[in-house]
Amino acid sequence: MNSVKGTNRLILDDMRWYLMIFSFITLMLTVVYLAIGFIFDIAYTTQLCGPMYGGICAFAIAGIVTLFPVAIGIGSTRIQFMKSFYIISVWMVIGTITILNIIYFITHLLLEYGTLRVTFYQPGMLYSSEYHFFSYLWIDLMIGFLVLGLSIFSTVCWIRLGMRNFFSLFFGFSLIVTLVFTLTDLSEFMLWIAGVNRMTLFTALGVIGGALLLSTYPMMKNAPLTMKGRKD
């Protein structure tokens, strides 16, 4: 097995574990929600997407922190690792979101036939109150790519800057955002957000996630194998 196949195998095996673990958690959560609805004969709305988005986030962070030095140790290059990690991360998002939407679809059918009174909140409801499988799937995918991009970008910044510099930058950015929200009139901006097409808005968020993901490439192609110390 050459280094390219070894790197792909390493990341793929890790992705399978995260996909299985967080899919199992989501399925168990679904069973619990449905059991509550049946046993107490109540109708209520809840959310189910948290574990799946958490799985994307966990895979992104753990992949960069733990798999990166292992892959380099078995003979892979930094560039090869990042290319493999990007591709398999995209499949992680597609896999988790597809499983999540299959569960949504089945519960929607049960709700339509009157055998279920539990409704799962989906971000796609902001686009249309009527269930549209592919529209809802696309919006979930865009959010998944945003979560993936933010998670990998934050982790790579942490690795390259060190904990002290990373948190200094993070709190500085948070302070600027807070001042902008409190000291400026955002009514026009909020009206623009309210009027923009939701599908376009979520697609733009997905593109931002993709841009954040690719922006980590120049930061990681010469990255050290270990993170900077806490005092850096």
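Trainee: How are H1 and H2 oriented relative to each other in this predicted model, roughly parallel or roughly antiparallel?

Mentor: Two packed helices are described by the angle between their axes and the distance between the axes. Here the axes of helix H1 (residues 3–40) and H2 come within 10 Å and cross at roughly 155°, and H1 and H2 are therefore roughly antiparallel to each other, given that an angle over 145 degrees counts as such. The model is a predicted one, and the crossing of H1 past H2 is right-handed.

Trainee: Which residues in H1 meet which residues in H2?

Mentor: On the H1 side the contact includes Thr7, Leu10, Ile11, Asp14, Met15, Tyr18 and Phe22, and on the H2 side it includes Pro51, Met52, Gly54, Gly55, Ala58 and Phe59. By class, the residues of the contact of H1 with H2 divide into 15 nonpolar, 5 polar and 1 charged.

Trainee: At what angle do the axes of H2 and H4 cross, and within what distance do they come?

Mentor: The axes of helix H2 (residues 50–73) and helix H4 (residues 133–161) cross at roughly 30° and come within 9 Å, which makes H2 roughly parallel to H4. The crossing in which H2 passes H4 is right-handed. Among the residues in H2 that take part are Tyr53, Ile56, Cys57, Ala60 and Ile61, and they belong to a contact in which H4 contributes, among others, Asp140, Ile143, Gly144, Val147 and Leu148. The contact of H2 with H4 has 13 nonpolar, 3 polar and 1 charged residues.

Trainee: Staying with H2, is Pro69 buried, partly exposed or exposed?

Mentor: Pro69, which is found in helix H2, counts as partly exposed because its relative accessibility is 27%. Leaving aside neighbours within four places in sequence, Pro69 is in contact with Ile64 and Leu225. The C-alpha atoms of Pro69 and Phe81 are separated by 9.8 Å, with the two residues 12 residues apart along the chain.

Trainee: And beyond that helix, where does Ile74 lie, and which residues is Ile74 in contact with?

Mentor: Ile74 lies in the loop between H2 and H3, and it is partly exposed, with a relative accessible area of 48%. Once neighbours within four places in sequence are left aside, Ile74 is in contact with Gly6 and Thr7. Ile74 and Thr7 are 67 residues apart along the chain, and their C-alpha atoms are separated by 8.1 Å.

Trainee: Thr7 has come up in two places; which residues does Ser84 touch?

Mentor: Ser84 touches Thr7, Asn8 and Ile11, not counting residues up to four places away in sequence. Ser84 has its place in helix H3 (residues 78–112), and Ser84 is classed as buried because its relative accessible area is 4%, where buried means under 20%. The side chains of Ser84 and Gln80 are joined by a polar contact of 2.9 Å.

Trainee: Turning to the backbone, what is the phi of Asp41?

Mentor: Most residues other than glycine have a negative phi, and most peptide bonds are trans. The phi of Asp41, by contrast, is near 50°, a positive value in a residue other than glycine. Asp41 is found in the loop between H1 and strand E1 (44–47), and Asp41 counts as exposed because its relative accessibility is 54%.

Note on methods
Residues are numbered from 1 along each chain as its sequence is written. This is a predicted model: local features need pLDDT of at least 70, side-chain atom pairs count only at pLDDT 80 or more; totals for chains, interfaces and linings use all residues. Side-chain values use heavy atoms; hydrogens and water are left out. Axes are lines fitted to C-alpha atoms, for helices over the stretch in contact, and angles run from 0 to 180 degrees between N-to-C directions. Helices (H or I, at least four residues) and strands (E, at least two) are DSSP runs, numbered from the N terminus. Angles under 35 degrees count as roughly parallel, over 145 as roughly antiparallel, 65 to 115 as roughly perpendicular and the rest as oblique. A crossing is left-handed if the near helix is turned anticlockwise from the far one by less than a right angle, and right-handed if clockwise. Contact means heavy atoms within 4.5 Å. Ala, Val, Leu, Ile, Met, Phe, Trp, Tyr, Cys and Pro count as nonpolar, Asp, Glu, Lys and Arg as charged, and the others, Gly among them, as polar. Buried means under 20% relative accessible area, exposed over 50%, partly exposed in between (1.4 Å probe, protein chains only). A polar contact is a pair of N or O atoms within 3.5 Å; within protein, one must be able to donate a hydrogen and the other to accept it, and residues adjacent in sequence count only if both atoms are side-chain atoms.
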